[in-house]
Amino acid sequence: MGFHHAQHATSLNQSLSELNGDINVSFEFFPPSTPEMEKLLWNSIRRLEPLNPKFVSVTYGANSGVRDRTHGVIERIQTETDLLAAPHLTLVDASDEELKELAKHYWNSGIRDIVALRGDLPDGSPKPTRFANDLVRLLRSVADFDISVAAYPEVHPDASNAQSDLINLKKKIDAGANRAITQFFFDVESYLRFRDRCAAAGIDAEIIPGILPVTNFNQTKRFAAMTNVSIPSWLHRQFEGLEDDAITRQMVGANVAIDMVKVLSREGVKDFHFYTLNRAELTYAICHTLGVRPGK
């Protein structure tokens with residue numbers, strides 16, 4: 001390593017050590033479909049709970065069975081932990097009246113945080129007529145929820161272009177959303193450019209980077225293809241030849257994510273949202289590096 005690069009690495013590490021735990025984190029989980037996955041989920045929740053996240057979110061599908069599992073996980077988090085539970089809520093396959101009733105149920109159950117999304121449209125669905133900003137407005141008509149919405153540094157797959165996508169985000173914030181959480185990304189510059197564009201467009205809400213610690217690269221490629229996320233060539237090379245080496249994949253994945261949060265924290269980012277995929281190990285290690293530790 002050249003002297004300049006060594007100085008840069010030292011500077012990043014020094015600035016990270018000076019954060020002194022001045023970082024907020026939140027975690028995303030998904031509802032389990034088998035007893036084995038349920039055990040994995042709750043082991044992860046218990047492992048990450050002492051890190052005192054700002055909130056934990058639970059994803060939500062259009063299928064009624066998935067919805068029921070989401071509600072069950074949310075209610076159990078609410079009753080068995082000290083965590084703030086934030087259910088995902090989508091417009092897909094639900095009327096406004098059904099959504100209002102569910103929102104009232106959440107509010108009356110003590111749920112104050114919601115992640116409001118349009119939702120993925122089932123194959124063959126007609127062109128949508130309701131959008132996430134409509135859901136934000138609906139939630140605001142029910143109660144004073146703390147609302148997070150989605151943002152896309154590399155443009156939503158359904159958006160016609162980057163500018164229209166930015167306009168849609170502003171509509172969500174103007175409708176009453178408190179913050180935006182980004183889709184996962186691996187190009188840090190794409191997030192920083194997006195944050196600048198949001199500020200220029202008059203979006204003054206916080207744009208929280210969504211971080212996906214990679215353990216299964218093939219799975220990550222599938223996720224990326226569905227969500228319009230670019231995977232840099234250097235990331236392909238990092239995981240090349242590790243298809244049957246889970247331990248090394250974890251080490252590489254942790255290193256990639258830690259490098260990302262180092263640069264982002266140097267750029268003033270103080271909040272991170274982790275897509276845990278119901279696994280705690282890498283997320284816990286990254287949080288430790290950020291100074292987010294039990295008791296702080």
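Six aromatic pairs are present in the predicted model, a pair being two rings of Phe, Tyr or Trp (its six-membered ring) with centres within 6.5 Å, stacked if the planes are under 30 degrees apart, edge-to-face if over 60 and tilted otherwise. Phe27 and Phe274 make a tilted pair, at 6.2 Å centre to centre and 40° between the planes. The pair links distant parts of the chain, with Phe27 in strand E1 (residues 24-29) and Phe274 in strand E8 (residues 271-275), 247 residues apart; strands are DSSP runs of E of at least two residues and helices runs of H or I of at least four, numbered from the N terminus. Together with Phe272, Phe27 and Phe274 form one aromatic cluster.

Residues are numbered from 1 along each chain as its sequence is written. Local features need pLDDT of at least 70 and side-chain atom pairs pLDDT 80 or more, while totals for chains, interfaces and linings use all residues, and side-chain values use heavy atoms, without hydrogens and water.

Two arginines lie over ring faces: Arg47 over Tyr284, at 3.6 Å from the ring centre, and Arg76 over Trp42, at 3.9 Å. The criterion is NZ of Lys or CZ of Arg within 6 Å of the ring centre and within 35 degrees of the ring normal.

Phe186 is buried, with a relative accessible area of 3%, and Phe184 is likewise buried, at 5%.

Conventions. Buried < 20%, exposed > 50% of the residue type's maximum accessible area, 1.4 Å probe, protein only.
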